[in-house]
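This note is meant for a colleague who is meeting the structure for the first time. Please read the numbered points below with the model open alongside.

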Amino acid sequence: MRILIIEDDPRLGPSLKKGLEGSHHAVDLLADGEDAVYMATSIPYDLVILDILLPGLSGFEVCRQLREQGKTMPILLLTALGEVEHRVKGLDLGADDYLTKPFAFSELEARVRALLRRGGPVLSTTLQFMDITLDTRTHEVKRAERLIPLGNKEYALLEFFMRHPHQVLSRSMIVEHVWDGDTEHLSNVIDVYIRYLRRKLCNENEPNVIQTIRGSGYQLKEPL
């Protein structure tokens, strides 16, 4: 999943980004409310983690503007403001959950998982395509009964494919959801990771399910 964090604390923000990336998410980090509105309306994030006390626009105002512009991704508010009226204000403005600082990272992870599950059946715990299964809770990947160890980017890449079977995924779409950069500079990197992933999925001569669509991108589909 692609997550946007807006947190101006110079230690907490990078720590949250690193922790969520370790759970196979693609994470962008910002420290300014105005930048947050621009990014969250330009990129299809699956979740926004939003501090309230920000320079420029407050987290409350960012939340209000996103909802007024029709953005429906879950929003988790982070703040040192623990009073009931602040929690009520945030929820009334369209936030989905509220976490008061300080908090344990394990609780943040649990809340992130819960919010992502609200997206519907597409966010179910187990994904399957042919004989490949992927458990989004344990990050365990199998082909038939063979366990396949994957690195963080390989896992994120496979999860993106399995959430969009039969859909042709362009390099720019893959960059948006799996990497944090621009397509031009990551094009070769994507090709390399596709090869890594294919090799691991087909390590025992199983048929290849990630097809190259020349000039368009890649597609998870049944072998020809």
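1. Leaving aside its neighbours within four places in sequence, Asp 191 is in contact with Arg 171 and Tyr 218, contact being heavy atoms within 4.5 Å. Asp 191 lies in helix H8, residues 183-201. With a relative accessible area of 17%, Asp 191 is buried; buried means under 20% relative accessible area, exposed over 50% and partly exposed in between, with a 1.4 Å probe and protein chains only.

2. Some conventions apply throughout. The model is predicted, and local features need pLDDT of at least 70, side-chain atom pairs count only at pLDDT 80 or more, while totals for chains, interfaces and linings use all residues. Residues are numbered from 1 along each chain as its sequence is written, and side-chain values use heavy atoms, with hydrogens and water left out. Helices (H or I, at least four residues) and strands (E, at least two) are DSSP runs, numbered from the N terminus.

3. Helix H6 (residues 152-163) packs with helix H7 (residues 171-178) at an angle of about 120 degrees, their axes being 10 Å apart. Axes are lines fitted to C-alpha atoms, for helices over the stretch in contact, and angles run from 0 to 180 degrees between N-to-C directions. This angle makes H6 oblique to H7; angles under 35 degrees count as roughly parallel, over 145 as roughly antiparallel, 65 to 115 as roughly perpendicular and the rest as oblique.

4. On the H6 side, the contact is made by Lys 153, Ala 156, Leu 157, Phe 160 and Phe 161, and on the H7 side by Met 173, Ile 174, His 177 and Val 178. By class, the residues of this contact of H6 with H7 are seven nonpolar, one polar and one charged. Here Ala, Val, Leu, Ile, Met, Phe, Trp, Tyr, Cys and Pro count as nonpolar, Asp, Glu, Lys and Arg as charged, and the others, Gly among them, as polar.

5. How are H2 and H3 oriented to each other? The axes of helix H2 (residues 33-42) and helix H3 (residues 59-68) come within 9 Å and cross at roughly 25 degrees, and the two helices are therefore roughly parallel to each other. Gly 33, Ala 36, Val 37, Ala 40 and Thr 41 of H2 make the contact with Val 62, Gln 65 and Leu 66 of H3. The contact of H2 with H3 has five nonpolar, three polar and no charged residues.

6. In H3, the residues Gly 59, Phe 60, Val 62, Cys 63 and Leu 66 are buried. They fall within an arc of 165 degrees seen down the axis of H3, so they line one face of the helix; the arc is that of the directions from the helix axis to the C-beta atoms. The cover over the buried residues of H3 includes H2, S3, S4 and helix H4 (84-92).

7. Gln 69 is placed in the loop between H3 and S4 and counts as partly exposed at 46% relative accessibility. Apart from its neighbours within four places in sequence, Gln 69 is in contact with Val 37 and Thr 41. Just after H3, Gly 70 takes a positive phi of about 85 degrees.

8. In helix H1 (residues 12-21), Gly 13, Leu 16 and Leu 20 are buried. They cover an arc of only 65 degrees around the axis, which puts them on the same side of H1. Among the elements covering the buried residues of H1 are strand S1 (2-6), strand S2 (26-30) and helix H5 (105-117).
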